[in-house]
Amino acid sequence: MKNKFCFGLLLSALLLTGCQSEIDPVPLGVKQRDRGEYMVDRQQVKVENGNAMVLVMHYTALDDEKSLKVLTGGEVSIHYLVPSIPKIERGKPVVIHLLPEDAEAWHAGKSFWRGREKLNTSSVGIEIVNTGYTDEPDGTRKWYKFNDEQIDLIIPLAKDIIKRHNIAPYNVVAHSDIAPQRKSDPGPLFPWDKLAQAGIGAWPNATDVKKHLAGRPKNMQTDVLTMQKLLARYGYQVPLHGQLDKETKNVIAAFQMHFRRSNFNGIPDAETESILKALIDKYKIKSATV
Ligand SMILES: [Zn+2]
């Protein structure tokens, strides 16, 4: 009797939540949706540069309250916001969903990735509540760690988004990858390696890195033009003049913050070059188009 009662309750709860959630726009990847009084059958449209979605990771550099205020105020926006310590409901972490994934969010700004500009129109964004950095009186820059609870939420969320939009590993990027002259989020403490272990984003094979290093000291400075060409091929907007100018250093540092987090000094060195070559090998990257 008790079981039957519970089942009845559960059923009505399911029906209730069902009715409420079906008014949402149809997420990409979901073919059919019940919208109450009618059904939606979503078909895939073949577009130029299809399969070109990019997933962009950010930190807010604000606390929870201010992050939500800014991201709902109309100046900037995002698809998902990961709180500093996500609430737990039914034993699961809760992400704040602010915009449907196929709606344009204003999170990328002036940006470039693999031949495409203005990534707002072709990306899904995740903002993570994190202080970012503070410049200390002694001249050092202090970066702030992400909470394990945040990463535990980002992993299943990102996996889901990647699957829904069929996002290539090399198109899972940092804001600093697509705007290296202006941005440094989510910064060098964002655990890209941990995400890659969970199947999210690109990561080189250690054996390939070693092969390309070919016995050179890791920090041995390398040819600037070679590095610029490799970065451009991987997807970055970078000058191709062979000079180690500020712009080039910013791009190298962005790459290092993503793939060689222990040292992101912006200097072209043998290890950075080897990681880049290993990534290009692994993902068979021929040219920089999305
Ligand atoms: Zn950002």
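In the predicted model, buried residues, meaning those under 20% relative accessible area with a 1.4 Å probe and protein chains only (exposed being over 50% and partly exposed in between), make up 43% of the 290 residues in the chain. Local features in this predicted model need pLDDT of at least 70 and side-chain atom pairs count only at pLDDT 80 or more, whereas totals for chains, interfaces and linings use all residues. Residues are numbered from 1 along each chain as its sequence is written, and side-chain values use heavy atoms, with hydrogens and water left out.

The chain contains nine helices and 13 strands, where helices (H or I, at least four residues) and strands (E, at least two) are DSSP runs numbered from the N terminus. Of the contacts (heavy atoms within 4.5 Å) between residues at least 6 apart in sequence, 64% join residues at least 24 apart.

A zinc ion is coordinated at 2.1 Å by H58 (ND1), H175 (ND1) and D185 (OD), donors being N, O and S atoms within 2.8 Å of the metal (3.2 Å for Na, K and Ca); because water is not among the atoms, sites may look incomplete. Along the chain, the donors of the zinc ion follow the spacing H-x116-H-x9-D. H175 lies in helix α4 (residues 175-178) and D185 in the loop between α4 and α5 (192-197), so that this pair ties together parts 10 residues apart in sequence. H175 counts as buried, at 4% relative accessibility, and D185 likewise counts as buried, at 6%.

Helix α6 (residues 206-213) has D208, V209, H212 and L213 as its buried residues. These cover an arc of only 140 degrees around the axis, which puts them on the same side of α6, the arc being that of the directions from the helix axis to the C-beta atoms. On the other side of α6, A206, T207, K210 and K211 are exposed. The buried residues of α6 pack against α9, and α6 is followed by A214, whose phi is positive, near 50 degrees.

Helix α9 (residues 270-282) also packs with helix α8 (residues 246-259), at an angle of about 70 degrees and with the axes 11 Å apart; axes are lines fitted to C-alpha atoms, for helices over the stretch in contact, and angles run from 0 to 180 degrees between N-to-C directions. The two helices α8 and α9 are therefore roughly perpendicular to each other, a term that covers angles of 65 to 115 degrees. I252, F255, Q256 and F259 of α8 meet T272, I275, L276 and L279 of α9 in this contact.

Conventions: Parallel < 35°, antiparallel > 145°, perpendicular 65-115°, else oblique.
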